[in-house]
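Hi,

Here is the structure I said I would pass on. Have a look at it first, and my notes follow below.

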Amino acid sequence: MGALWLRQFLSGRDFALGDPVAVEMRNQAYAIGDEAARQAVLVDPAHGAGELVELVRAEGMEVVGVVATHHHFDHVGGRIGGRRVGGILELLEVADVPIHVQRVELPRIARSTGVSTSSLVAHDSGDVVAVGEVELRLLHTPGHTAGSQCVLAGSMLLSGDTLFLDGCGRTDLDDSDPAEMYRSLRRLAELPDETVVLPGHRYSPEPSAVLSRLRSSNIALRLPSEEAWLAASGLGGRESGGQGAGGQGAAGRESGGREFGGQGAGGRADPAPPA
Ligand SMILES: [Fe+2]
């Protein structure tokens, strides 16, 4: 496997500065690839997608693809209220690259972004996207949406809105499934201790954390049974105000916003934390 190259970008700080939606959503987009091959894919370019391409190119890296963790506008672009987030449609204007998605998510991503299905590559869980000699394994983790996926590269887990450092993605949205979320979280919890979790939003002080710590600090990984999970999360039915184990919180946010201290890895458009 080649030398992993990883950058993390916080919306409203590292890109899309002054964009109130980008500031509010606190998305963490990523570029990940092979340092020697000088190739990378972008994960979840939504706000300022063209700008993200330029940030990667400014480091002498070629953008050779995109991985979309799920269909929400703050991960792939689309309409929110009266606004349009450029996302992958904007990105394709400056980089004609394949967009890697889970098979079940493909129709919704095409519909919400306006991107042609010919630009979308459907994957099944466990598929590998090769970037130079670096392998990105796509893990289907339904729950937040039906076709949510995470990216595993070595010990780096880009967890989208499936797993945050504190809590997890909402399970009260139209194609959410709290029971599926429980099973997805259990699978992620079984990854090796040293796995570095890099979530799709900055809802905690740190940008990332090791899984061995999250198993005890993150309530979404601690509930012992599906029954306890469903009871604690109120079946994911609350749109706002509630804060169950599933991390549902105020509308417009993806988590309950609980915070905790501790060490992180990465930072301001930082180089990859050590694998
Ligand atoms: Fe989401």
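On the α2 side the contact is made by Ala49, Gly50 and Val53, and α4 brings in Gly87, Ile88, Glu90, Leu91 and Val94. By type, that contact splits into five nonpolar residues, two polar ones and one charged one.

Keep in mind that this is a predicted model.

The other helix I looked at is α6, residues 178–189. Its twelve residues reach 16 Å from the first C-alpha to the last, close to the 16 Å expected at 1.5 Å a residue. Which residues of α6 are buried? They are Pro178, Met181, Tyr182, Ser184, Leu185 and Leu188. Looking down the axis of α6, these buried residues fall within an arc of 165°, so they line one face of the helix. An α-helix has 3.6 residues a turn, so residues three or four places apart point the same way. Among the elements covering the buried residues of α6 are β11 (149–153) and α8 (226–232).

As for the whole chain, there are eight helices and 14 strands. Of its 275 residues, 54% count as buried. Taking contacts between residues at least 6 apart in sequence, 64% join residues at least 24 apart.

Cheers

How values were computed: Residues are numbered from 1 along each chain as its sequence is written. This is a predicted model: local features need pLDDT of at least 70, side-chain atom pairs count only at pLDDT 80 or more; totals for chains, interfaces and linings use all residues. Helices (H or I, at least four residues) and strands (E, at least two) are DSSP runs, numbered from the N terminus. A residue is buried if 20 or more other C-beta atoms lie within 10 Å of its own, exposed if 12 or fewer, and partly exposed in between; C-beta atoms are placed from the backbone. Two residues are in contact if their C-beta atoms, placed from the backbone, lie within 7 Å. Ala, Val, Leu, Ile, Met, Phe, Trp, Tyr, Cys and Pro count as nonpolar, Asp, Glu, Lys and Arg as charged, and the others, Gly among them, as polar. The expected span of a helix is 1.5 Å times one less than its number of residues. The arc is that of the directions from the helix axis to the C-beta atoms.
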